[in-house]
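Please consult the sequence and the structure below while reading.

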Amino acid sequence: MQGYHQQPASPQPNGPRMGGSTQLHSGVVQFMNGVYGWMAVGLAVTAGVSWGIAQSMDLVVTLFTGVTRWLLLLPFFLPMFIGPRIAGMSRGGATMAFMVISALIGVSLSYIPVVYQTSTLFTALAATVAAFASMAVFGFVTKKDLSGMGQFLLMALFGAIFASFANMFFVQSAGMSLLVSGIVALVSAGLTAYHTQAIKQLYLVNGGQGNLAINGALLLYINFLNLFLSLLHLLGGNRD
């Protein structure tokens, strides 16, 4: 699902002009809070759409039988194609693109409230929030350059996605499925730190101009969702 990232831009003269380290830090914190706010809105849209559809068993059955269930994989690839274009969109267009992606992924995940027990959902959510918050804080405060780690993690994520599809269509091994979920969980946690640092650096260089907040929110939204889905799979707790 995750296939898009953004490298820190080269210094430009239109970066934030602030008259002191305290003021600069305040601006960074305010900007990052905006990024997390957009991410939370996207997650809320996904959860709302998923939960709403799950209330109709007939609709869920219709969506996840026949050819339709394969079409529901497509929304997970949208960030790869739309993400790089968000920067050039109008604010309204970028907002709409983010909301449409979030809603379509919600449709694709509408099986989750049906398949998993509520207690398992909340446990996975709590674990995801804890892991995501920890790695986001690390990415924000660390002085170490995480760009090298980020490139490695992205390659590992693509490898895990390839292995997941190979297992789905050919191997069909429960053990391999759990292994891939574990790898994706670790990679997503690491990417959360990497992307947090990259978004912060982009703000320090260019300020909060354009759609940087929405672009960053999409990256972190993907990391959060991948982490949640992986932990949910590892926890199990399917309904009978």
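The points that follow are grouped by topic, from the whole chain to single residues.

The model is predicted: local features need pLDDT of at least 70, side-chain atom pairs count only at pLDDT 80 or more, and totals for chains, interfaces and linings use all residues. Residues are numbered from 1 along each chain as its sequence is written, and side-chain values use heavy atoms, with hydrogens and water left out. The protein contains 10 helices and zero strands; helices (H or I, at least four residues) and strands (E, at least two) are DSSP runs, numbered from the N terminus.

**Overall fold**

- In sequence order, the pattern of the protein is α-α-α-α-α-α-α-α-α-α.
- The radius of gyration of the protein is 18 Å, which agrees with the value near 18 Å for a compact globule of 240 residues. This radius is taken over C-alpha atoms, and the globule rule is 2.2 Å times the number of residues to the power 0.38.
- The C-alpha trace spans about 60 × 35 × 30 Å along the principal axes of the protein.
- Of the 240 residues in the protein, 42% are buried. Buried means under 20% relative accessible area, exposed means over 50%, and partly exposed lies in between (1.4 Å probe, protein chains only).
- Among contacts with a separation of 6 or more, 89% join residues 24 or more positions apart. A contact means heavy atoms within 4.5 Å.

**Helix 7 against helix 9**

- Two packed helices are described by the angle between their axes and the distance between the axes. Axes are lines fitted to C-alpha atoms, for helices over the stretch in contact, and angles run from 0 to 180 degrees between N-to-C directions.
- Helix 7 (residues 118-141) packs on helix 9 (residues 174-206) at an angle of about 40°, and their axes are 7 Å apart. Helix 7 is therefore oblique to helix 9; angles under 35 degrees count as roughly parallel, over 145 as roughly antiparallel, 65 to 115 as roughly perpendicular and the rest as oblique.
- Helix 7 and helix 9 cross in a right-handed sense. A crossing is left-handed if the near helix is turned anticlockwise from the far one by less than a right angle, and right-handed if clockwise.
- From helix 7, Phe132, Met135, Ala136, Phe138, Gly139 and Phe140 meet Ala189, Gly190, Thr192, Ala193, Thr196, Gln197 and Lys200 of helix 9.
- The residues of this contact between helix 7 and helix 9 comprise seven nonpolar, five polar and one charged. Ala, Val, Leu, Ile, Met, Phe, Trp, Tyr, Cys and Pro count as nonpolar, Asp, Glu, Lys and Arg as charged, and the others, Gly among them, as polar.

**Helix 1 against helix 9**

- Helix 1 (residues 21-54) packs on helix 9 at about 125°, with their axes 10 Å apart. These two helices, helix 1 and helix 9, are therefore oblique to each other.
- The crossing of helix 1 with helix 9 is right-handed.
- Leu24, Gly27, Val28, Phe31, Met32, Val35 and Tyr36 of helix 1 make the contact with Thr196, Ile199, Lys200, Tyr203 and Leu204 of helix 9.
- The contact of helix 1 with helix 9 has nine nonpolar, two polar and one charged residues.

**Residues within helices**

- Serine 181 belongs to helix 9 and counts as buried at 9% relative accessibility. Apart from neighbours within four places in sequence, serine 181 contacts Ser230, His233 and Leu234.
- Phenylalanine 224 is located in helix 10 (residues 212-235) and is buried, at 9% relative accessibility. Apart from neighbours within four places in sequence, phenylalanine 224 contacts Met39, Leu43, Leu125, Thr128, Val129 and Phe132.
- Phenylalanine 224 and threonine 192 are separated by 32 residues in sequence and by 7.8 Å in space, C-alpha to C-alpha.
- Threonine 95 sits in helix 5 (residues 91-108). Not counting residues up to four places away in sequence, threonine 95 touches Trp38 and Ile214.

**Residues within loops**

- Leucine 73 lies in the loop between helix 3 (68-71) and helix 4 (78-82) and is partly exposed, with a relative accessible area of 24%.
- Leucine 73 and isoleucine 105 are 32 residues apart along the chain, and their C-alpha atoms are 8.7 Å apart.
- Valine 67 is in the loop between helix 2 (57-63) and helix 3 and is exposed, with a relative accessible area of 62%.
- Valine 67 and serine 102 are 35 residues apart in sequence and 22 Å apart in space, C-alpha to C-alpha.
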